[in-house]
Amino acid sequence: MARRGSDVVDGVAVNVISSRVEMAGAPAADAKLYIGKSDGLPYKQVGAAVTVSYKYKNISAPSL
């Protein structure tokens, strides 16, 4: 994984992390994960064919 910078997702400041997944029998896939700077929670994941958004309500992340 490599840190690729900062962004904002739904008003939340995030760090952008990129990764590459390699598994036997499947093509390699690149993805970006958007992690909240203040809480460490994932807010978005973007791959070649799919984007997943995470929204939280009444939840607190454990202390890091």
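The legends below describe a predicted model of one protein, first as a whole and then in several close-up views.

Local features are given where pLDDT is at least 70 and side-chain atom pairs count only at pLDDT 80 or more, whereas totals for chains, interfaces and linings use all residues. Residues are numbered from 1 along each chain as its sequence is written, and side-chain values use heavy atoms, with hydrogens and water left out.

**View 1**
Helices (H or I, at least four residues) and strands (E, at least two) are DSSP runs numbered from the N terminus, and read along the sequence they give the pattern β-β-β-β-β. The C-alpha trace spans about 40 × 20 × 20 Å along its principal axes. Of the 64 residues, 19% count as buried, where buried means under 20% relative accessible area, exposed over 50% and partly exposed in between (1.4 Å probe, protein chains only). The accessible surface comes to about 4800 Å², of which 53% belongs to carbon and sulfur atoms; these areas come from the Shrake-Rupley method with a 1.4 Å probe, and for residues only the protein chains shown count as cover. Among contacts (heavy atoms within 4.5 Å) between residues at least 6 apart in sequence, 12% join residues at least 24 apart.

**View 2. The largest nonpolar core, made of six residues.**
Val9, Val14, Val16, Tyr34, Leu41 and Tyr43 form this core, a nonpolar core being a set of buried Ala, Val, Leu, Ile, Met, Phe, Trp, Tyr and Cys residues joined through side-chain atoms within 4.5 Å. In soluble globular proteins, nonpolar side chains tend to be buried together. Tyr43 is buried, with a relative accessible area of 12%, and when its neighbours within four places in sequence are left aside, Tyr43 is in contact with Val9, Val12, Val14, Tyr34, Gly36, Val52, Ser53, Tyr54 and Tyr56. Another member of the core, Tyr34, has the charged end of Lys44 over its ring, 4.8 Å from the ring centre; a charge sits over a ring if NZ of Lys or CZ of Arg is within 6 Å of the ring centre and within 35 degrees of the ring normal.

**View 3. The one aromatic pair found in a search of the whole structure.**
The rings of Tyr43 and Tyr56 have centres 5.4 Å apart and planes at 80 degrees, so the pair is edge-to-face. Rings of Phe, Tyr and Trp (its six-membered ring) pair if their centres lie within 6.5 Å, and planes under 30 degrees apart count as stacked, over 60 as edge-to-face and the rest as tilted. Because Tyr43 lies in strand 4 (residues 42-47) and Tyr56 in the segment after strand 5 (51-53), the pair ties together parts that are 13 residues apart in sequence. Tyr43 is buried, while Tyr56 counts as partly exposed at 32% relative accessibility.

**View 4. The salt bridge between the side chains of Lys55 and Asp10.**
This pair, at 2.8 Å from N to O, belongs to a count of three salt bridges, each being a side-chain nitrogen of Lys or Arg within 4 Å of a carboxyl oxygen of Asp or Glu. Side chains of opposite charge can pair when their charged atoms come close. Lys55 is in the segment after strand 5 and Asp10 in the loop between strand 1 (2-9) and strand 2 (12-21), and the pair links these distant parts of the chain, 45 residues apart. Both Lys55 and Asp10 are exposed, Asp10 with a relative accessible area of 58%. Asp10 also has a phi near 50 degrees, a positive value in a residue other than glycine.

**View 5. A network of salt bridges that joins Arg20, Glu22 and Asp30.**
Glu22 forms a salt bridge with Arg20, their closest N and O atoms being 3.3 Å apart, and both of these residues are exposed. The side chains of Arg20 and Asp30 meet in a salt bridge at 2.8 Å, N to O. Arg20 lies in strand 2 and Asp30 in strand 3 (residues 29-36), so the pair ties together parts that are ten residues apart in sequence. Asp30 counts as partly exposed, at 45% relative accessibility.

**View 6. Asn58 and Ser63 in the segment after strand 5.**
Asn58 has a positive phi of about 55 degrees although it is not a glycine, and Asn58 is exposed, with a relative accessible area of 79%. Ser63 is exposed as well, with a relative accessible area of 75%. Ser63 and Gly40 are 23 residues apart in sequence, and their C-alpha atoms are 9.0 Å apart in space.
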